[in-house]
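Student: I would like to go through how the labels for this model are assigned. Please set each value against its definition.

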Amino acid sequence: MVYGTCGLESLCGPGQHQNQRCSGILGTLLTLSQKQQQQQAENAAGAAGKKKKVTAAQLRVQKDLSELSLGSTMKTDFPNPDDILNFTLTIDPDEGMYKGGSFSFSFAINQNFPHDPPKVKCKEKIYHPNIDLEGNVCLNILREDWKPVLNLNAVIVGLQFLFLEPNASDPLNKEAAEDLKTNREGFKRNVRSAMGGGGVRGETFQRVLK
Amino acid sequence: MDETTVADMANGDGSRIKWKFLDRIVSRQGPFADPDNPIGEQALQMLSSVKVLVIGAGGLGCEILKNLALSGFTDIHVIDMDTIDVSNLNRQFLFRQADVGKHKAEVAARFVESRVRGVKITPYCGKIQDKDEDYYMQFAFVVCGLDSIEARRWINATLVGMVDEENPDSLKPLIDGGTEGFKGQSKVILPTMTSCIECQLDLHAPRAAVPLCTLATIPRQPQHCIEWAHIIAWDEERKDITLDNDDPEHITWLYQKALKRAEDFDIPGVTYSMTQGVVKNIIPAIASTNAIIAASCCNEAFKFATGSNPSLAYPPPDANNYMTYSGDDSIYTYTFTHEKKDDCPVCGNLAKTMEIDPSWTLQEFVESFAERPEAQLKKPSIRSEAKTLYMQSIASLEEQTRPNLAKKLSELVSDGEEIAVSDPALQISFKYKLVFKS
Amino acid sequence: MATTPPPLQGPTSKEKKYDRQLRLWGANGQAALEEAHILLINSGSGVVGIETLKNLVLPGAGNFTILDSAIVEEADLGVNFFLASDSLGKSRAEQCCELLKELNPDVDGHFSSEPIETFITKPDALDPYTLILATAPISPEILEIIIAHATETLTPLFYIHSVGFYSHFSVHLPHAFPVVDTHPDPVTISDLRLLNPWPALTQLVQEKTAHLEAMSDDDHGHVPYVLLLLHFLEKWKSAHDDKAPQNYKEKSEFREMVRAGTRTSNPEGGEENSEEAVAAVLKNLNPPELSSNVKEVFNSAECVGASPDSQNFWIIASAISSFHKNNKVLPLPGSVPDMKAKSNDYIALQNVYKTKAREDFAEVLSIVRDIEAALERTNPIDEKEVEAFCKGAAHIKLVRGKGMHIAKPGETIEWLDRAKFAFGSLTNPDSLIHIYIAFLAYDSFGAAHPADGLNGAALAPGTTDFEADTEKMVGMAQQIIDDIIKEAGKTMEDPEYTEVKEQSQKVVTELVRAGGGELHNISAFTGGTVAQEVIKVITKQYVPVDNCCMWDGVSSTISVLRL
């Protein structure tokens, strides 16, 4: 077999190197390219080939964003619409103990997405058993249970759920969890007070009422 | 079994005596080699005529540079952004104590040049992302010795994106190696023809993590205390200082925080070394494993450059392209074909060239997708690398990008630029290279 | 603003330099490495041995000596990185030694340019060395002397070939080479002893699970799964004649019983600790059977009949064997995997396991002391060694070193108890036995064509006449194959026989193609594998190759065979 010794027919096209005995893959590619280089130099003058390509992370985020279903209780804000890797998500719960509040989360996605999960932090100082005073969020799929098959929608649904069902059993804010466990009514009052910018157990919270 | 003689190939002093062993084997037809591959001079010429790029001048990179130089390659480039640390010296054998703090690429290049006569090594001390396609186009192939998945994904996507079906020279084989302790793997990628780094992403297990709430409230292991200090305590107490994993004062601070927390919870076992390991995510690394994996990578490079024996990934797509090595319990290798994924976001949908009229408005362009036979998209969202042209599904982005609809394409993209088109109806995004009709 | 903490007793400069490897073999392994003195008997084009040493000098193997009578030639510079242009005409041993020493100031390098033929005749010539690397070609007579020394002094020996795209090494270990610290996969190591709980554990179970039903959701969801399993086991046993689940069916039933204990009325609708318990049922309810490796150790003559000058390993093994006879279990390692639990409950559980492990260790130690007294041994074994053995007892490994083949012209290779295995390998496509056979033929060829005068160096097949030498070598390999078939007492019919011969012919041709020359990549690869094995042997950690390893650089595969 002469044609196709390199196995790269799809690139080379049949018969192009019948007289070119080449060494390995490289040889095939190089001997071929020598012939074509001149022609390409002429073509290259037109369309430049050094534009930056859309990165794998961007591609994936674009896809995730186009599949996002935010509903009426959530909205996004992109400080720079050309940068889709950094944005803010605002959740306005319409039921549950946090109803009436407005909570914003910063999303920072790196170029290693979706191998790495997005970094999500709550931008306000709030009273919540699963969100600490620094804004760290305890949500399994943001850390130990993250998998590249998960998408941004899953994260957003998870965040929404935190406001419907705050989880007292594995808290980040121990005091809030203690309140929720021992005195649900008291906890509710504390949530209202904190959302209004009041203090709970000597800690002052940010006003997040709409 | 004919034997071609190797004529004097100009090599400085004109002698090939130095390459006696290598020349002999390349000059003889091997029983496993493709009989159509040339032997002798023509095969050897390939070694000295191609430019090779090595990414990384660390544990694998040092070995790769040495091996390529002693495989007869003469024009080698190397990229690395790092400087030399004392903990590199147990395996990165081109560096000495006196080199600590200098750039790896520079020191490695000079060392191999001085040791192996006739080889030229061009270092670049910086990031791979600093370089554009024109730069990568000059090389015949790329050998990677990296410890970062992100960098691997970047070079992989770049090389896949460079493949131009009209130009065989645009296909740059990528040889990649990785190690951990006594284990490692090496693989050969023919971009667009065989499984790429992105196809193989699921073979790299994400780093195991512990729930944040465990760290915050119910730590049980010394590592939990360290992670707590790292992720929570630092932000609470030293928010204004950027944590530098290489600053001993910072590590010491984390260590003492973790130690105190461990004492509070009666957890034994926090050490300084463990603190460093957890915070920096240190992967054990030894000279011998690097030697194995780097040599395997360079052996593949040598085989496909000379044609002296079949290399991994060749012929595509069925040939074995991946070798794993494990030395923990005796020695095992597993050499297999990792299959290309049809829905790979990088190599599963190559950019198609699309001729457009630059005077079209974006609106007209968006609407045209409803009619394109391969797409028929109702709600396409469109981006280039640098710009969000139009995003339909997110209200705020739609609002922000709506003004673009009235703009001419020539105002938004340049001739030859790549765009990605996504739609809720699509499994993967389409990529197009927009070429202006003149 | 926090104040900068005071500087601590940070890592030493040595710990910093060796950080990435100490995380693998620890301070003990490092100390063993630093006490080693490795002899490299270098022959041929001499690269694979130097590449091996490079990978041992870097991690700090204490001493090395290169024995090599060659003078550096131009051809060396194209394949050996540890020679420079100005090395030409000088002693190869000296030049490589100097350039290797640059890699690590903490390593002592020595060299000798004396020919092996005279070196080896001196009495005690090999005595200073704790491990020997010998690279082919070496004359069979000299190889015999080295092997005899290795056997007699229990010195590990590696015999290495690297030619063209192929390499091979054989490891000659002492007849008994035990490894305690095998670094098993962490998932497999915890022994929770669920089927044989001791009183303190039973008491903890009662304490923590007596009121499961009445617990708050929070407490219920944090009971460590080990305690949950033990709790349900008690329940199961009381309904099953005091027997734990016996078979797969019963275990599955038991698993359903555990699953049914999950509380789902909580906001999460489930419990992580329960999930962990369910997942652990099948893995952890097996009766404490000894692995075949451990049985082999307990049943070996050295263990049964420990003597005053037995290695410490055998004294401890003998003690643990007695412990096992008395208790029907191995000493408890004492580690507990991480699991969903509150901090104090987990620590309490961990302490129960640790305490029991210490008690078991104390029992083993007292048996060790009894044995020592009975044997009138004067040097008591370090407690730490006994403790480490107790921790790793379930995963110890005994490698039985075996002699290696010496190929001599006109003599038949003996396969003994490996003949049937070798026969089976001939037709196994994954086995690289044909490379091994080709190297045997290679040595035999070299021994039959000694000497172009220089130091009696053997002439490699294919040095000048590719075709003629290939023909000879193919015939020699064929003879070895026929001898294997004969010694195995088997026959091989066509088409198999022809296929085997064709495969052998190809491999031999590939080998002769190189004319005895090394390719740097193949030698660098092999230098890496041999160095890993040397480290395993010196540190007595991980499990070394037993006993032949072939690397095929054409197909990029390795095969390890006991031959």
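Student: What makes residues of chain B and chain A count as part of a contact?

Tutor: Two residues are in contact if their C-beta atoms, placed from the backbone, lie within 7 Å. The contact takes 77 residues from chain B and 61 residues from chain A. Helix 6 (residues 149-162) of chain B gives the largest share of the chain B side, 6 residues. This is a predicted model, in which local features need pLDDT of at least 70 and side-chain atom pairs count only at pLDDT 80 or more, while totals for chains, interfaces and linings use all residues. Residues are numbered from 1 along each chain as its sequence is written, and chains are lettered from A and ligands numbered from 1 in the order in which they are written.

Student: How many residues of each class are on the side of chain B that touches chain A?

Tutor: That side has 35 nonpolar, 21 polar and 21 charged residues. Ala, Val, Leu, Ile, Met, Phe, Trp, Tyr, Cys and Pro count as nonpolar, Asp, Glu, Lys and Arg as charged, and the others, Gly among them, as polar.

Student: What does chain B put into the contact with chain C?

Tutor: Chain B supplies 71 residues and chain C 72 residues. Helix 11 of chain B gives the most to the chain B side, with 10 residues. By class, that side has 34 nonpolar, 20 polar and 17 charged residues.

Student: What makes a residue of chain C buried, and what percentage is?

Tutor: A residue is buried if 20 or more other C-beta atoms lie within 10 Å of its own. Of the 563 residues in chain C, 47% are buried.

Conventions. Buried ≥ 20, exposed ≤ 12 C-beta atoms within 10 Å, placed from the backbone. Helix = DSSP H or I, 4+ residues; strand = E, 2+ residues; numbered from the N terminus.
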